[in-house]
Each structure stands twice: as structure tokens, then as C-alpha cells.
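Colleague: I am new to this structure and would like to learn how to read its features. Please show it to me, and then we can go through them in turn.

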Amino acid sequence: MKSLHLKPLTLKEVAEEIDMHESTVSRATTNKVIQIPFGSFDLRTLFTSKLETVDGNNISQANVKALLQSYIADENKFIPHSDQKIAEYFNSEKGSTISRRTISKYREELRIPPSSKRKEISV
């Protein structure tokens with residue numbers, strides 16, 4: 001399942017739409033699996049937090065993580081980007097206001113080492 005195609009939807013938004021408490025929706029979706037032609041997925045993966053972009057739209061946390069992973073995969077391995085440079089890239093090129101600490105947190109969740117550990121040295 002490609003996370004880039006997820007539109008941000010929170011448990012709170014679902015709860016408001018169906019006029020129930022957020023904790024009720026949370027309990028109802030815990031440990032539930034959805035089966036689609038691409039495989040089976042935890043239902044909770046469909047609910048993601050969202051970040052606002054400069055143009056007023058929203059981008060899902062999963063989308064940001066996928067973009068981060070792709071950006072790091074394509075970087076120059078001899079001069080890897082610091083978390084601060086990546087945050088500046090997201091702010092200027094993607095229009096998403098993301099702090100360096102958030103980039104660091106997402107990078108760690110994706111098990112991507114810091115720039116000092118990603119650097120390759122030519123011999």
C-alpha cells in the first residue's frame with residue numbers, strides 16, 4: 001500500500017462525522033485488519049496525523065515519511081544532508097513547515113541513521 005496516496009484522516013474527524021467519542025472509534029479500530037487486493041493491513045494505518053502546508057492544504061504524516069525516505073535515498077552519499085538541511089528543503093520545496101526535530105524523529109522511526117553515519121568516504 002503506497003502511503004503517498006493516503007489523504008490525512010484522523011480518528012477525531014471520523015468520531016465527529018459519526019457522532020461518537022474519539023476513544024470509541026479508537027477501540028473499534030484497534031487490532032482490526034482490512035484485506036484488499038494488495039494484501040492485509042492494520043486498519044489503524046488508514047488513520048494518520050496531518051501537517052498543514054503553506055497553501056492551506058494538508059499532507060499526511062505517512063506521506064512526509066515516504067518523501068523523507070525517498071529524499072535521503074537520492075542524496076549524494078559523500079555529502080549527506082543534515083536534518084536541518086532536510087527541514088529547510090521541506091519548507092522551501094514542498095511547502096511543509098517541518099522542524100528539524102520532527103525530521104529527526106521521523107528519520108529514527110524509519111531507522112535511517114543520522115548524516116554522519118550515512119556518509120560514505122571515497123578511497
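Colleague: Is asparagine 31 buried or exposed?

Modeller: The general idea is that burial is read from relative accessible area: under 20% is buried, over 50% is exposed, and partly exposed lies in between (1.4 Å probe, protein chains only). Asparagine 31 has a relative accessible area of 73%, so the residue is exposed. Before going on, note that this is a predicted model, in which local features need pLDDT of at least 70 and side-chain atom pairs count only at pLDDT 80 or more, while totals for chains, interfaces and linings use all residues. Residues are numbered from 1 along each chain as its sequence is written, and side-chain values use heavy atoms, with hydrogens and water left out.

Colleague: What is the phi of asparagine 31?

Modeller: Most residues other than glycine have a negative phi. Asparagine 31 has a positive value, near 60°. Its place is the loop between α2 and β1 (33-36). Aspartate 19 is also not a glycine, and has a positive phi of about 55°. Aspartate 19 sits in the loop between α1 (11-17) and α2 (22-29), and is exposed at a relative accessible area of 71%.

Colleague: How many helices and strands does the protein have?

Modeller: Helices (H or I, at least four residues) and strands (E, at least two) are DSSP runs, numbered from the N terminus. Here there are six helices and four strands. Along the sequence the pattern is α-α-β-β-β-β-α-α-α-α.

Colleague: What does the radius of gyration say about the protein?

Modeller: The radius is taken over C-alpha atoms, and the rule for a globule is 2.2 Å times the number of residues to the power 0.38. For 123 residues, a compact globule would come out near 14 Å, but this protein has 17 Å. Along the principal axes, the C-alpha atoms fill a box of roughly 60 × 35 × 25 Å. Of the 123 residues, 28% are buried. Asparagine 76 is in the loop between α3 and α4 and is partly exposed at 40% relative accessibility.

Colleague: At what angle do the axes of α3 and α5 cross?

Modeller: Axes are lines fitted to C-alpha atoms, for helices over the stretch in contact, and angles run from 0 to 180 degrees between N-to-C directions. Under 35 degrees counts as roughly parallel, over 145 as roughly antiparallel, 65 to 115 as roughly perpendicular, and the rest as oblique. The axes of α3 (residues 61-73) and α5 (residues 100-109) come within 10 Å and cross at roughly 80°, so the two helices are roughly perpendicular. Contact means heavy atoms within 4.5 Å. On the α3 side the contact has Gln61, Val64, Lys65, Leu68 and Ile72, which meet Ile103, Tyr106, Arg107 and Glu109 in α5.

Colleague: Which residues make the contact of α4 with α5?

Modeller: First the geometry: α4 and α5 pack at about 110° with their axes 8 Å apart, and are therefore roughly perpendicular to each other. From α4 come Asp83, Gln84, Ile86, Ala87 and Phe90, and from α5 come Arg100, Ile103, Ser104 and Arg107.

Colleague: How many salt bridges does a search of the whole structure find?

Modeller: Side chains of opposite charge can pair when their charged atoms come close. A salt bridge is a side-chain nitrogen of Lys or Arg within 4 Å of a carboxyl oxygen of Asp or Glu. The search finds three. One joins lysine 65 and glutamate 109 at 2.3 Å, N to O; this pair links helix α3 to helix α5 across 44 residues. Lysine 65 is buried at 18% relative accessible area, whereas glutamate 109 is partly exposed at 41%.

Colleague: Where do the partners of the other bridges lie?

Modeller: Glutamate 75 and arginine 118 meet at 2.7 Å, N to O. Glutamate 75 is in the loop between α3 and α4 (83-94) and arginine 118 in helix α6 (residues 115-118), so the pair ties together parts 43 residues apart in sequence. Both glutamate 75 and arginine 118 are buried. Arginine 107 and aspartate 83 meet at 2.9 Å, N to O. Arginine 107 is in helix α5 and aspartate 83 in helix α4, so this pair ties together parts 24 residues apart in sequence. Arginine 107 and aspartate 83 are both buried.
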